[in-house]
Amino acid sequence: MRLFSTISQGGKTVVMKREYYNDKITSLLNDTDTYEEIQGDPTKKIKLKISKFIRSMKSKALDKRKMKLEDVAAPLFKGLPKIHKEGVPLRPIVSGFKAPTRGLADWLKNQIPTTRKISGLEIRNRKELLDITKNLKLNEHEIMVSFDVNSLFTNINRSLALKELKEYFEVKRQDCAIKGLEIDEMIEGFRLFRKYLF
């Protein structure tokens, strides 16, 4: 039996044997440094904890009804083939469309600016990078490097990320006050989201 899948870059479609795909997915999930096997489905318990947190929030800039999801389900795990890499590894994707954390995540996402707003630069794809750098002249003592980070999201230190977020919001305290946001509530929201991320 064959499986059709979109590749991780370029939007093309790949056909592969289902057994080959299943072996690659199983290999990813067997990485005990990244993933932990749990007993049972914690979705309902997580929904209750998230709902309790949302009810306790005092922020004025908040529509609690949009943050609560009634029809929740465990996120789906899949892999997109990276055909440009040797051995065609899979890029792990977790679809949290019905996850109990989704409403909270959507609200939190809208409270922080995009990387583009912070740094003034956003590169969407390889072509855009080539366009930006084609006329770039490096000095004699400069070099251009490219890093390929393996499992970036799962390797981000949670405590450090929360510390950086708190510092960012402290600097932007006036903006938060204008929006009626409570900084400690936002940090607790991020902590819960990261803790209960499948």
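**Close-up views of a predicted model**

View A. Val145 lies in the loop that links α6 (126-133) to α7; helices are DSSP runs (H or I, at least four residues) numbered from the N terminus. Val145 is exposed, at 52% relative accessible area, where exposed means over 50%, buried under 20% and partly exposed in between (1.4 Å probe, protein chains only). Together with Ile143, Phe147 and Val149, Val145 makes a nonpolar surface patch of about 490 Å². This is a predicted model, in which local features need pLDDT of at least 70 and side-chain atom pairs count only at pLDDT 80 or more, while totals for chains, interfaces and linings use all residues. Residues are numbered from 1 along each chain as its sequence is written, and side-chain values use heavy atoms, leaving out hydrogens and water.

**View B. The largest nonpolar core.** This core has 21 residues, of which Ile50, Met67, Trp107 and Phe169 touch the most other members. A nonpolar core is a set of buried Ala, Val, Leu, Ile, Met, Phe, Trp, Tyr and Cys residues joined through side-chain atoms within 4.5 Å. At least two residues of the core come from each of α2 (43-56), α4 (102-109), α7 (158-171) and α9 (183-195). The largest share, six residues, is supplied by α9.

**View C. Buried residues of α4.** Gly103, Leu104, Ala105, Trp107 and Leu108 are buried in α4. Their cover includes α2, α3 (64-67) and α9.

**View D. Surroundings of Ile50.** Leaving aside residues up to four places away in sequence, Ile50 touches Pro100, Thr101, Leu104, Leu192 and Tyr196; contact means heavy atoms within 4.5 Å.

Note on methods:
Patches are made of residues with over 30% relative accessible area and no salt bridge: like charges are joined within 9 Å, nonpolar side chains (Val, Leu, Ile, Met, Phe, Trp, Tyr) within 5 Å. Accessible areas come from the Shrake-Rupley method with a 1.4 Å probe; for residues, only the protein chains shown count as cover. A salt bridge is a side-chain nitrogen of Lys or Arg within 4 Å of a carboxyl oxygen of Asp or Glu.
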